[in-house]
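Look over the sequence and the coordinates before reading on.

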Amino acid sequence: MEKITEKDWEKVMALACDIANTDDPPIERAARKRYFNYMRTLLKKYGEQPQILASTADFYTSGKRAIPLLEKAYQLAVEENNAYEKTLIADSILNRLAESIKPDHSEVRKWLDILEQNLKDHPDKHIKANFKRISSDFR
């Protein structure tokens, strides 16, 4: 599998910033469209990789669309034994589940357990703080 080039990833970051840095709905829609079009280009160029799938899912407004894609990205990270991506993706899934209107407590607890294990392999103080916050609400 070909690794994503720094140049290609810098463009992802720039397009993501375009979305994050506007509060004008028409501009945001156009920025999301450019972002998702570029992510499809990367999928064609590099194939399904955890980083591409998770980054795509991060900008879905719907958890119903994002979570299955994040779960697929997580499974790919497991197959690659990529501790860094597993931790980031588990954190993204956990956030989506915990922040949903009607969180499924058993799913949240499942992903708390998964993230707790991942943090042992790839410690991250910001993700750990988020883990503790969500854990206090759901355990």
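The questions and answers below concern a predicted model.

Q: At what angle do the axes of helix H5 and helix H6 cross?
A: H5 covers residues 83-98 and H6 covers residues 105-121. Their axes come within 9 Å. The crossing angle is roughly 155°.

Q: Are H5 and H6 roughly parallel or roughly antiparallel?
A: The axes of H5 and H6 cross at roughly 155°. Angles over 145 degrees count as roughly antiparallel. Therefore H5 and H6 are roughly antiparallel.

Q: Is the crossing of H5 and H6 left-handed or right-handed?
A: On the H5 side, the residues in contact include Ala90, Leu94 and Leu97. On the H6 side, they include Trp111, Leu115 and Leu119. The crossing of these two helices is left-handed.

Q: How many residues of the contact of H5 with H6 are charged?
A: Among the contact residues are Lys86 and Asp91 of H5, with Glu107 and Asp121 of H6. The whole contact divides into 12 nonpolar and two polar residues, and the charged ones number four.

Q: Is Leu115 buried or exposed?
A: Leu115 sits in helix H6. Buried means under 20% relative accessible area. Leu115 has 0% relative accessibility, so it counts as buried.

Q: Which residues does Leu115 contact, leaving aside neighbours within four places in sequence?
A: Leu115 belongs to the contact between H5 and H6. With neighbours within four places set aside, the contacts of Leu115 are Thr87, Ala90, Asp91, Leu94, Ile127 and Phe131.

Q: What distance does helix H4 reach from its first C-alpha to its last?
A: H4 spans residues 63-80, which is 18 residues. At 1.5 Å a residue, 26 Å is expected. The model comes close to that, at 25 Å.

Q: Which helices do the buried residues of H4 pack against?
A: Buried residues in H4 are Ala66, Ile67, Leu69, Leu70, Ala73, Tyr74, Leu76 and Ala77. They pack against helices H3, H5 and H6.

Q: Are H2 and H3 roughly parallel or roughly antiparallel?
A: H2 covers residues 25-46. Its axis lies 10 Å from that of H3, and the two pack at about 165°. Angles over 145 degrees count as roughly antiparallel. Therefore H2 and H3 are roughly antiparallel.

Q: Which residues does Ser55 touch, not counting residues up to four places away in sequence?
A: Ser55 lies in H3. Its relative accessibility is 13%, so Ser55 counts as buried. The C-alpha atoms of Ser55 and Val12 are separated by 8.6 Å, although the two are 43 residues apart along the chain. Not counting residues up to four places away, Ser55 touches Trp9, Tyr35 and Met39.

Q: Which residues does Thr56 touch, not counting residues up to four places away in sequence?
A: Thr56 also lies in helix H3. At 8% relative accessibility, Thr56 counts as buried. Not counting residues up to four places away, Thr56 touches Tyr35, Phe36, Met39 and Leu69.

Key
Residues are numbered from 1 along each chain as its sequence is written. This is a predicted model: local features need pLDDT of at least 70, side-chain atom pairs count only at pLDDT 80 or more; totals for chains, interfaces and linings use all residues. Side-chain values use heavy atoms; hydrogens and water are left out. Axes are lines fitted to C-alpha atoms, for helices over the stretch in contact, and angles run from 0 to 180 degrees between N-to-C directions. Helices (H or I, at least four residues) and strands (E, at least two) are DSSP runs, numbered from the N terminus. Angles under 35 degrees count as roughly parallel, over 145 as roughly antiparallel, 65 to 115 as roughly perpendicular and the rest as oblique. A crossing is left-handed if the near helix is turned anticlockwise from the far one by less than a right angle, and right-handed if clockwise. Contact means heavy atoms within 4.5 Å. Ala, Val, Leu, Ile, Met, Phe, Trp, Tyr, Cys and Pro count as nonpolar, Asp, Glu, Lys and Arg as charged, and the others, Gly among them, as polar. The expected span of a helix is 1.5 Å times one less than its number of residues. Buried means under 20% relative accessible area, exposed over 50%, partly exposed in between (1.4 Å probe, protein chains only).
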